[in-house]
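Subject: Structure handover and notes

Dear colleague,

I am passing on the structure that we discussed, and my notes follow directly after it. Please read them with the coordinates open beside you.

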Amino acid sequence: MFRKIVFVLPFLPVFLLAQEKQKEENVTRYFYDDHVVSVAIWYGQDKKPDSSKTYYSNGKLNEAFYFDKDGLKDGDSFQFNIQGEKLVTWNFLHGKMTGRTDHKLPFHKDREESVKKALKMLTDINTKTNFNPTTINDLYNRGVLGVSLGNNTLAIEDLKKVEFAIDKDPENKKIVLSDSAQKKTAAFRSKLYDRMASVYAALEMESFAFHYYYKAISNAPNDYKILYNFATLLQRRKLYDLARYYLEKIVIEKPNHAYAYWGLARLYSDTGEYEKAFENIEKAFQYEKVIMEKSTAGGRDLRTTRGLIYHKIGESKKGIADLKTALEMDKNNSYAMKNLGIIYLDQKKYDDACSLFQKARELNYTLTYEEFDLDDLLESACNKRQPEKTAKNKPFVFPNPAKTEILVENFSSKNFDFEFFNFESKSVLKGKTTDGTINAISLNPGFYILKVTFGETVEIFKVIKE
């Protein structure tokens, strides 16, 4: 379908664009959400890369690559596990891989067989292609296998080459495909973008993850697994309007999708719409067996979710029972501890609430779930006082996703400047409005960051243009 790919991908930190960036004279650093360094790139006097390192979210070294005078990978590069043990040595010669040595399997014993199988398949591709595949199938398969083995840097480079071949190569734009070939190509694209989105999501690079999930669902609008993965990420990043849109789309089109009901229950619980949350958690429980077979106990499981919802609709005894059952299933479920602590705090059982919140903190609740409510709850409970309730009407955009116009509500003025940026933070549209309405017709479909400014007041929104 597509021709053979013959090109060298120049050094480009294709996945090294995290949420925050700090640039100094000879080093650029990128950060996870909690300000731990995710990537550091060092440059020589000629501004070409000299070396780069990626890090785990706890700050430990993950990968290290070194470059020649032309900015191409050269010499030995390494990957380490979170304990600091060497996993892989790669050998490069002026941009071309010449060897790979695996010192240790990257996962626990329960995945040993699947990891060995993936490693064998990757080794077969490297042997067949002398470590430098040039066809779409080989690059895609090696990229996917690299993701499964945790080789994220090289995996993304392989997948980006595939993306170039099928999306950007001008030679391929001349090819006219039959209807059946177009369908196969769309299905392949959706798988490619889904893989890329999952890597970026794991690295907390949400703009890139959103961009590729949107491309994936554009090519496979009825792939409910991808839709659910996208909605779950949106929900985790607190983009509730977009998450609700996609979850509701799933349950309308696929009414027996257990996970979508579960997701909606969590979402409505987070937004304080507890009656809707209860309606959806009850539907999710109709498929409890299906969910339990494919999920492990712990975290925001069914009972942890329903327990707090029960309390919020006035059935605290049932809520406590659910949460105690959740803790029997997983004694280290810090989310269940927090939810049970909230019930005890509301009931003014301060000592019990304080104890639960302290245990949740010891189990790294905040880092595990990227939730930042525990400190205030802990302070209230341990000081034997009720938490202050503050209602803020935060600015928001509507509709989202949008097709023609975007309204900015609850902003300090209807008269403001606006600017849209794409997933690579490049400005694509700017202007002014006097009525709080933005004309978005000229934007191509996709994910954007919208910045609105009035004087010293600035708000940032994540929007999707359909």
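In what order do the strands of the open sheet of three strands stand? The order is β9-β10-β13, and the pairing is antiparallel; helices (H or I, at least four residues) and strands (E, at least two) are DSSP runs, numbered from the N terminus, and two strands pair if DSSP finds at least two bridges between them. Because β9 (396-398) and β13 (437-439) stand at the edges with a single partner strand each, one side of each is left without a neighbour in the sheet. Direction ignored, neighbouring strands of this sheet are turned by 25° against each other on average, where axes are lines fitted to C-alpha atoms, for helices over the stretch in contact, and angles run from 0 to 180 degrees between N-to-C directions. Strand β10 (residues 405-409) is joined to β13 in the antiparallel sense over three bridges, and E405 has N439 in β13 as its bridge partner.

Before going further, please keep in mind that this is a predicted model, in which local features need pLDDT of at least 70 and side-chain atom pairs count only at pLDDT 80 or more, whereas totals for chains, interfaces and linings use all residues. Residues are numbered from 1 along each chain as its sequence is written, and side-chain values use heavy atoms, with hydrogens and water left out.

A second open sheet has four strands in the order β12-β11-β14-β15, again with antiparallel pairing. Here β12 and β15 (457-465) are the edge strands, each with a single partner strand, so one side of each has no neighbour in the sheet. From one strand to the next, the twist averages 20°. Strand β14 (residues 446-454) pairs with β15 in the antiparallel sense over nine bridges, and G446 stands opposite K465 in β15. Helix α5 (residues 206-219) lies across β14 and β15, running at about 135° to β14.

Within this sheet, strand β11 (residues 416-421) is largely enclosed by the rest of the structure, because five of its six residues are buried, that is, under 20% relative accessible area, with exposed meaning over 50% and partly exposed in between (1.4 Å probe, protein chains only). On one hand, β11 pairs with β14 in the antiparallel sense over five bridges, with F418 opposite V452 in β14; on the other, six bridges join β11 to β12, and these two strands run antiparallel. F421 has S427 in β12 as its bridge partner, and in the hairpin of β11 and β12, which has five residues between the strands, S425 takes a positive phi near 65°.

T433 counts as buried because its relative accessibility is 4%. Its side chain is joined to that of D435 by a polar contact of 2.9 Å (a pair of N or O atoms within 3.5 Å; within protein, one must be able to donate a hydrogen and the other to accept it, and residues adjacent in sequence count only if both atoms are side-chain atoms). Apart from its neighbours within four places in sequence, T433 is in contact (heavy atoms within 4.5 Å) with K414, N415, F416 and F418.

Strand β3 (residues 37-43) pairs with β4 in the antiparallel sense over five bridges, and W42 stands opposite S51 in β4. In the hairpin of β3 and β4, with five residues between the strands, K47 takes a positive phi near 70°. Strand β5 (residues 61-66) also pairs with β4 in the antiparallel sense over five bridges, and the bridge partner of K53 in β5 is A64.

Finally, helix α1 (residues 112-129) and helix α2 (residues 136-148) pack at an angle of about 145°, with their axes 9 Å apart. The residues of this contact divide into five nonpolar, five polar and three charged, where Ala, Val, Leu, Ile, Met, Phe, Trp, Tyr, Cys and Pro count as nonpolar, Asp, Glu, Lys and Arg as charged, and the others, Gly among them, as polar.

With best regards
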